[in-house]
Structure formats: structure tokens, C-alpha cells
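Me: Got a model open here and I'd like to talk it through. Can you take my questions as they come?

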Amino acid sequence: MEELALYARLYWEFFKTGVFAIGGGMATVPFLQDISKKTGWFSAADLANMIAVSESTPGPIGINMATYVGFTTGSTLAGSTPFIDALLGVIGAIIATLGLITGSVIIILIIAKFLEQFRDNRYVNAAMYGLRAASVALIAAAGVSIVLISIFRIQNISDWRSAAIDVRCFILAAVIFVATRYIPKVKKWHPIIFILISAGIGIIFHMGA
Amino acid sequence: MSENENQSAAQPPAVQEKVSLWSLFWIFAKIGAMTFGGGYAMLPIITRELCENRDWLTEDEIMDYFAIGQCTPGVIAVNTATFTGRKMRGIAGGIVASLGIVFPSIVIITAIASLLRNFAHLQPVQDALAGIRVCVCILILNAVIKLWKSAVVDIPALIMFIVIFLASVFFDISPIIMVVAAGVCGILLKGRKQEQAAIEAASDAVYEGKTDVPVGKSANSASAEGAAAQNSPDGKEAR
């Protein structure tokens, strides 16, 4: 029973994310953060790991995130053996992913009938004008809390007094930023390369300590 | 389901034999497994698989689906799969194609997640993840910079951005509430303005004797906001 309730909740949370996250893979991040705060299924640091894995594996980022969260959540159910843990995780992954796509599949099946009218509808365009601004603002805010965790090592902005500025993280962030934006050729590299380099640097400098 | 297909496909591609649901699933699973990153990154692969290797879609249809995918909820890749599946095999096709495109993610991510779970306690893995999290900060920052150009197009949009950003950094407000509020603000702010723009554009279009305009340049020459917003993020990134 406990499993069913958790899976139902998982489906519902991802259904909402699928309906309201507009504008690409990163748009799901603020919603996942909200889920993390409300349910405690995964931590904010887990979320950052999930983003890295989703960016470096095939498939749409939003779907990868849903699968990852679903797996993590499902496998936290008290299974008796690692095999059952993994099985509960796989079911969770499937449920979260189905939840994420349900809304959009229904909406597309409905609007496919009047494609052109929908695209040129002025209310749709006007709403999108607001939604785009909201989407960037939410992603930026989600980014801030990941910065707090990864670079300043604090959980919340209200803990700013105890922020420890980790110089190594700061330098790494600055180098990646410059490389991904200003160095020709290098900035064309796939994010997976930067993720792998960062992993190597993390190991060399014991950044997890 | 035939008369409502895209007008740009006025000459239907010969007779299309009925595609099996299984092959719909399989083709989209293949697309899902071959694309890194989603969004516009997968455009070339979708084009190759669906219009070059098969006569399932025209390039115009793909561009239309992408444009609609951007103003509907959900992942663009999944939206495109739903559209294509529906075109080929009706509602069941739409559902099967959507399941197909998410299938590889479920397999791959599940494998990686369970590996990470088993090794996460090791110190080198912890160190690597700490480094990766720093990189993720920059990836998010880059996503914000990229989206910023097409989203924050004027002062009211900037104000919305600031309000929503501050509200979600400092308070625990559900993102759903902010998304809905922003949509309503958009309609209140631009619904009427756009109406005038649309009327002007329509008269221009009549004057030029053209009624259908390509994606991305649709009837809003008079509204810079709309035009800027509809440009593909890809084009901007290329600079």
C-alpha cells in the first residue's frame, strides 16, 4: 500500500511538472526543486548530480531527469534485497516519466487538429510572452540554489552567514564559464566534455571533502 | 484526420502504406537513443530519420511541430513524437511514438542511477560529483543566458523576470502559481497590443497578396516582441 501511495504521488507531481514546465529541459529544474522541498525524496545536491547525468546521456533532458528522480524515489522504498530495490526503482522511473509526458501527449493530440490556428493565436502568443519570462526567472532561481550548495556549501540563502567560499570551486566555475562562453572552438564542445573535466578536477583536488 | 494536416503539404506524398505501431515505437526509440541534449540539438536527427530516410514528414511539418512544441507544455522531442505518431496512426500512434522516444532514457538512466547509488559512498565518486556540481552551475547559467535573449525582450518582461526571480529565491512559492500568473500577465499586457499588430500585419499581408508566412516570421512584423521570441534559440546561439 505504501508503494502505491508513493507511486501515485510520484505520478501526480510529475504530471504537474509536465503541464507547467514550458521551454525545454532546464525548465523542469525549478519544479524538481519544488518537489525536493515538499517531499524530501532527494536532496538539492542529488538534483545537481541528476542534471549532470541527464546532460551527459542520450535522450531529452527533461525525460532523463524524470527517470532519474523516479528511480531514486522508487528505490528508497524499503526493499528487502538490492534486486527488489532496483525493481521498485525501475517502476518509479517508468511512473515518473509517464507522468511527465501524459499532459503534453493529451494536449498535442487535441491541438493537432487545429495546428495553424493555435500557432498564430494572439492569446497563445501573449501568454507565451509571459511564460518565457517566468521560465527563465525560475531556472535562474533554481540555479542560485544550486550555486549555494555547490560553491558556497550552504543549503539556503538565509544561511548566508555560514557561507564558506571554496576557492577551488570558484576558480573551476570561472574557468568553465570563460571556456564555454568566450573561447572559440572550445565553447562548441558538448557539455559532457566539461562535465568529465570537472569530475577529473574534483577527484584531483578532493573537492568532495 | 486527413483534411486537417498541414497546408504546406498540399501535395500529399504518394500513397503512404500503413506503418505498424511497433515500427513507430522502434523508430522513435532509435531517435531517443541517438540524441544528446534534446530540443534543437535533435533537429538534424529527426529530419534525417523522418523525412530523408522515410517519407513520414516534410521539413515544413517538422518546423511547425517544433514551433508548436515551444509554446506547449512538455519536452519538444516528445511533442514531435506525439504529432508524428498521430499523423501516421491516429491517437494510438501518438501514444506509442511518445512511449518510444522515452524508452531509451528509462533504460540508460536507470542503469546509471543504480551504478551511482552503489558507488556514491566512495570518496573519489564524492569528489567527482562535487566537481561536476560546480560545472552544472555554469551549465544552468549558460541556459539562462541563452533563454534570456528570447524571453526578456522589453521592460515589462524584465520586471516579470525580476519579480519572479526574487520571489522564488527568497520565498517558498510554488512555481506553478508563478507560471500561471505570468501567463495571465502576458495576456493582459500583450493580448490587446498584439491584436492591433495582428490587424496591421494582416492588412500588410493582404496588400502583398500573401497569407501564409513561414514559421518564425508569422504575421507579427509589427511586433518586435513576437518576432524576437519566435526566432530559434539555435540561430542566436550560433553567434
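Me: How far apart are the centres of domain 1 and domain 2 of chain A?

Reply: The centres are separated by 25 Å, taken over C-alpha atoms. Domain 1 covers 2-156 and domain 2 covers 166-204 of chain A, with bounds that come from an automatic or database domain assignment. Keep in mind that this is a predicted model, where local features need pLDDT of at least 70, side-chain atom pairs count only at pLDDT 80 or more, and totals for chains, interfaces and linings use all residues. Residues are numbered from 1 along each chain as its sequence is written, and chains are lettered from A and ligands numbered from 1 in the order in which they are written.

Me: How many residues does each domain of chain A put into the contact?

Reply: Domain 1 of chain A gives six residues and domain 2 of chain A gives seven residues. Contact here is C-beta atoms, placed from the backbone, within 7 Å. On the domain 1 side there are two nonpolar, two polar and two charged residues. For those classes, Ala, Val, Leu, Ile, Met, Phe, Trp, Tyr, Cys and Pro are nonpolar, Asp, Glu, Lys and Arg are charged, and the others, Gly among them, are polar.

Me: OK, what's the secondary structure of chain A?

Reply: Chain A has nine helices and one strand, in the order α-α-α-β-α-α-α-α-α-α along the sequence. These are DSSP runs numbered from the N terminus, with helices being H or I of at least four residues and strands E of at least two.

Me: At what angle do helix 8 and helix 9 of chain A cross?

Reply: Roughly 160°, with the axes of helix 8 (residues 167-182) and helix 9 (residues 191-204) of chain A coming within 12 Å. Axes are lines fitted to C-alpha atoms, for helices over the stretch in contact, and angles run from 0 to 180 degrees between N-to-C directions. So helix 8 and helix 9 of chain A are roughly antiparallel; the cut-offs are under 35 degrees for roughly parallel, over 145 for roughly antiparallel, 65 to 115 for roughly perpendicular, and oblique for the rest.

Me: And which residues meet there, between helix 8 and helix 9 of chain A?

Reply: L172(A), I176(A) and T180(A) from helix 8 meet F194(A), S198(A) and I201(A) from helix 9. By class that contact has four nonpolar, two polar and no charged residues.

Me: What about helix 2 and helix 7 of chain A, at what angle do they pack?

Reply: About 55°, with the axes of helix 2 (residues 28-39) and helix 7 (residues 122-150) of chain A 8 Å apart. That makes helix 2 of chain A oblique to helix 7 of chain A. V29(A), P30(A) and Q33(A) in helix 2 meet L138(A), I139(A), A141(A), A142(A) and S145(A) in helix 7.

Me: Switching to A66(A): buried or exposed?

Reply: A66(A) is buried, because 34 other C-beta atoms lie within 10 Å. The scale is buried at 20 or more other C-beta atoms within 10 Å, exposed at 12 or fewer, and partly exposed in between, with C-beta atoms placed from the backbone. A66(A) lies in helix 4 (residues 61-74) of chain A.

Me: What does A66(A) touch?

Reply: Leaving out residues up to four places away in sequence, A66(A) touches F14(A), A96(A), T97(A) and L100(A).

Me: Last topic: how many residues of chain B are in contact with chain A?

Reply: 96 residues of chain B, facing 101 residues of chain A. Helix 5 of chain B gives the most to its side, with 25 residues. That side of chain B divides into 57 nonpolar, 30 polar and nine charged residues.

Conventions: Contact = placed C-beta atoms within 7 Å.
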